[in-house]
Amino acid sequence: MSKVQGGMKCVKYLLFVFNFIFWLSGSLVLAVGLWLRFDPNTDKLLTQNDAPEHFFIAVYILIGAGGVMMLVGFFGCFGAVRESQCLLGSFFACLLVIFGAEVAAGVFGFLNKDKIIKDVKEYYSSAVNSGNVTIVSLYQEVLDCCRLLDSSDSCRDGSSKRDCANAIEDFFTDKLFIIGYVGIGIAGIMIIGMIFSMVLCCAIRNSREVI
């Protein structure tokens, strides 16, 4: 028999629906993280020897958080249906950890945007200066750009292509904003889940005390 009645039963089913949506959100976060990690263009630009790795730190946080979100969403649904204080308390604790990870990924993406872009530009510039034709050609092909304007082999007048400095900045700015917005957006959703889980957990405890 259900331990909660009246309005708390409504909270119970709202929490169940929330957890299902949360599970779907975890799938989305995981998919976005995997896309950013294995996107052919990003993979080509950042998997060369000595390439900067800061970008992938935020991506790995997203992938890890997405996988845990799916698992936690499943157990959250089970805890809501079973009206288990233990499972709901564990669900709240896991949400708190994931909340921190998502905010960390979002803040990392926003605060380190300039540093990550600077590192990639310096990596490309060093390849130009050292005559590393493989890396230079790869960047020009993927980003559809010509060499840095301050290099000896600059973009020719009348070329429709951007210089690679601007192309690098545009490319990674878009990717990092995706990480930031996804991380912070999901973190906001999780606040609702934490509130629901605590309200239902307290209602179950109170109902037991009454019995």
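Trainee: Which residues does Phe 172 touch, not counting residues up to four places away in sequence?

Mentor: This is a predicted model. In it, Phe 172 touches Leu 45, Leu 46, Phe 55, Ile 117 and Val 120, with residues up to four places away in sequence not counted.

Trainee: Where does Phe 172 stand in the largest nonpolar core, and which residues touch the most other members?

Mentor: The general idea is that in soluble globular proteins nonpolar side chains tend to be buried together. Here the largest nonpolar core has 51 residues, and those that touch the most other members are Phe 55, Tyr 139, Leu 143 and Phe 172. At least two residues of this core come from each of α1 (7-38), α2 (40-46), α3 (54-82), α4 (85-111), α5 (113-130), α6 (133-143) and α7 (164-210). The largest share, 14 residues, is supplied by α7.

Trainee: Which residues of α6 are buried, and which are exposed?

Mentor: The buried ones in α6 are Ile 135, Val 136, Leu 138, Tyr 139, Val 142 and Leu 143. They lie on the same side of α6, because the arc they cover around the axis is only 160°. Val 133, Thr 134 and Glu 141 are exposed on the other side of α6.

Trainee: What follows α6?

Mentor: Asp 144 does, and its phi is positive, near 55°.

Trainee: Is Arg 37 buried or exposed?

Mentor: Arg 37, in helix α1, has a relative accessible area of 15%. The cut-off for buried is under 20%, so Arg 37 counts as buried. Apart from its neighbours within four places in sequence, Arg 37 is in contact with Asp 43, Thr 47, Phe 56, Val 59, Tyr 60 and Ile 63.

Note on methods. Residues numbered from 1 in each chain as written. Predicted model: local features only at pLDDT ≥ 70, side-chain atom pairs only at ≥ 80, totals over all residues. Heavy atoms only, no water. Core = buried A, V, L, I, M, F, W, Y, C linked by side-chain atoms within 4.5 Å. Buried < 20%, exposed > 50% of the residue type's maximum accessible area, 1.4 Å probe, protein only. Helix = DSSP H or I, 4+ residues; strand = E, 2+ residues; numbered from the N terminus. Contact = heavy atoms within 4.5 Å. Arc of directions from axis to C-beta.
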